[in-house]
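User: I would like to go through this structure before planning my reading of it. Could you take me through the main features?

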Amino acid sequence: MTAHHTFFWLMGGMVALLLTASIIGWLLGQRVSHENERATIDNLNARIRAWWVMVAIFAMAFLLGKLATLLMFSLVSFLALREFLTLTPTRSGDHRALSLAFFVFIPVQYYLIGIAWYGLFSIFIPVYGFLLLPSFSVLAEDSESFLERCAKIQWGVMLTIYCISHVPALLLLDIPGYAGRNALLLFYLLLVVQMSDVLQYVFGKLLGKTLIAPVVSPAKTVEGFIGGVVGATLIGAGMWWITPFTLLQAAGIAFVIVIMGFLGGLVLSAVKRSLGTKDWGTMIKGHGGILDRMDSVSFAAPLFFHLTRYFFAP
Amino acid sequence: MWLATLLIGLTRALVGATPRWVGSSAPSHAQKIYFANHSSHIDTLALWSALPADLRIRTRPVAAADYWSQGSFRKLVAVRALNAVLIERTRGDNGVDPLQPLIKVLEQGDSLIFFPEGARHRQALPGPFKAGLYYLAMRFPNVELVPVYLENLHRCLPKGSWFPVPLICTVRFGPVLPRIADESKAAFLERARNAIAALA
């Protein structure tokens with residue numbers, strides 16, 4: 001099968017799945033009477049609608065090619081960084097560093113992917129960003145909570161630009177026998193992460209009793225976690241045929257993606273709490289902000305990228 | 001005008017400028033003076049973009065003549081795109097009331113966007129108000145006074161910087177400021193300032 005054949009099969013499958021989900025959601029919406037149930041069903045339907053949007057965006061990126069994908073993810077980084085910094089206290093002395101992050105670091109990081117300069121792409125923010133951002137801040141001569149401000153800005157930049165940019169960076173990988181199909185890896189990553197999120201939510205709602213991290217995330221349960229990990233790992237393994245991996249390898253990689261995604265969700269939930277909020281924003285209906293959707297992806301993407309690169313792209 | 005559409009689009013892309021009508025407030029066609037805290041050059045645009053389009057065409061921002069009539073670009077933005085009313089910030093020697101252009105606009109039935117601090121401030125909460133708002137309120141007792149809090153804009157483009165940092169800014173419209181008979185100027189201005197601070 002060519003990449004396009006696989007893609008159309010996948011899209012067909014996704015559309016069929018979402019159609020079913022939408023119909024079920026609509027039917028459930030017709031039947032509920034209780035106020036509490038209504039809220040859950042509304043939440044479910046909003047999630048399904050947001051999924052439609054994500055599938056549509058992915059399809060567009062795939063059909064329009066690498067440039068469109070890079071532009072799309074740089075926009076995601078832009079929106080995520082904007083969300084992150086809106087909630088992060090900074091002072092006017094940070095103004096130049098922040099402008100630099102938005103208008104230099106985002107374009108350069110994605111440009112480096114565009115020209116396939118792996119060496120600089122992988123150190124640009126950890127090295128140059130690390131050194132330049134506080135250098136720009138310090139010129140404003142304001143030492144009031146300087147370390148906290150710098151640390152927060154760097155954390156935001158690493159998470160929203162560096163980590164998220166590893167999703168489209170999958171297009172860089174030169175895997176023998178897999179040429180021209182890298183966009184499927186991108187789809188694979190997003191599918192496994194999102195499936196894990198959805199299954200954790202569903203299993204949590206159905207069977208959830210024991211809280212797994214009550215202080216950081218009052219919604220996550222042990223039952224949801226196990227259901228999500230097992231379910232998403234199985235789905236990831238079952239999708240081995242769109243990847244360069246064997247069935248067992250796919251299971252292992254999906255397991256890593258799922259665990260990292262789970263940890264990403266927890267970590268960002270703790271970050272949110274320490275910034276004093278529950279949701280990152282209101283951009284995607286029913287999904288909080290864009291960071292609420294990208295939290296697991298941002299943690300899973302760099303590991304997925306490096307594991308695939310190390311073992312499959314000699 | 002194309003430039004206005006472009007500026008509104010740019011404002012929304014950079015800072016969002018999503019409106020929140022707080023409490024019992026709601027957009028309406030009644031003539032209004034929107035008064036807001038002032039901390040950046042984007043303030044006017046953000047407030048203007050947050051208004052529904054049909055109200056926006058009858059709402060005119062107030063801009064300082066000493067700044068916005070300098071140079072053809074500033075003039076183009078202020079006068080042509082935003083349809084701003086330019087006023088002098090200081091009372092000139094000729095004894096003309098600097099509020100005269102605003103009075104004319106209000107008499108025509110249009111609404112105003114007004115920054116009672118008279119200049120940009122660096123902090124999140126508004127500084128002391130100048131008396132302009134009081135005189136306008138006295139002269140037009142039936143115009144609704146709507147407090148507006150512009151969140152985060154002091155971080156986006158603080159005074160003295162030339163390049164914006166895109167952060168999400170909400171434009172919070174508060175309930176109409178009630179009129180109190182025989183209120184002193186100082187008391188009125190303090191109450192108006194607190195109405196904005198209450199939205200922060």
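**Domains and salt bridges**

Analyst: The domain assignment divides chain A into domain 1 (1–64), domain 2 (66–165) and domain 3 (179–314); these bounds come from an automatic or database domain assignment. This is a predicted model, in which local features need pLDDT of at least 70, side-chain atom pairs count only at pLDDT 80 or more, and totals for chains, interfaces and linings use all residues. Residues are numbered from 1 along each chain as its sequence is written, chains are lettered from A and ligands numbered from 1 in the order in which they are written, and side-chain values use heavy atoms, with hydrogens and water left out.

User: What separates the centres of domain 1 and domain 2 of chain A?

Analyst: Taken over C-alpha atoms, the centres of these two domains of chain A are 33 Å apart.

User: How many salt bridges are there over all chains?

Analyst: The search of the whole structure finds 11 salt bridges. A salt bridge here is a side-chain nitrogen of Lys or Arg within 4 Å of a carboxyl oxygen of Asp or Glu.

User: Which residue does A:R91 pair with?

Analyst: A:R91 forms a salt bridge with A:D142, with 2.7 Å between the closest N and O atoms. A:R91 lies in the loop between α3 (66–87) and α4 (95–114) of chain A, and A:D142 in the loop between α6 and α7 of chain A, so the pair ties together parts that are 51 residues apart in sequence. Helices (H or I, at least four residues) and strands (E, at least two) are DSSP runs, numbered from the N terminus.

User: Is A:D142 buried or exposed?

Analyst: A:D142 is buried, with a relative accessible area of 19%, whereas A:R91 is partly exposed at 38%. Buried means under 20% relative accessible area, exposed over 50%, and partly exposed in between (1.4 Å probe, protein chains only).

User: And what about A:R149?

Analyst: A:R149 forms a salt bridge with A:D94, the closest N and O atoms being 2.9 Å apart. This pair links distant parts of the chain, 55 residues apart: A:R149 is in helix α7 of chain A and A:D94 in the loop between α3 and α4 of chain A. Both A:R149 and A:D94 are buried.

User: Where do A:R293 and A:D197 lie?

Analyst: These two also form a salt bridge, with 4.0 Å between the closest N and O atoms. A:R293 is in helix α11 (residues 290–312) of chain A and A:D197 in helix α8 (residues 182–207) of chain A, so the pair ties together parts that are 96 residues apart in sequence. Both A:R293 and A:D197 are buried. As for networks, salt bridges that share partners join A:R91, A:D94, A:D142 and A:R149 into one.

User: How much space lies in the largest pocket?

Analyst: The largest pocket holds about 1400 Å³ of space. Of the 48 residues that line this pocket, the closest to its centre are B:H38, B:H41, B:T44, B:Y67 and B:W68. The largest share of the lining, 6 residues, comes from α1(B). On a 1 Å grid over the protein atoms alone, a pocket is an open set of points with protein on both sides within 12 Å along at least five of seven lines, a cavity is a set where a 1.4 Å probe fits but cannot get out, and lining residues have an atom within 4 Å of a point. Grid points are joined across faces, edges and corners, and a volume is the space filled by probe spheres set on the points.

User: Which residues line the largest cavity?

Analyst: The lining consists of A:A97, A:L133, A:P134, A:S137, A:C150, A:I153 and A:Q154. The search finds 1 cavity of 30 Å³ or more, and about 30 Å³ of space lies in the largest cavity. Helices α6 and α7 (146–165) of chain A each supply at least two residues of its lining.
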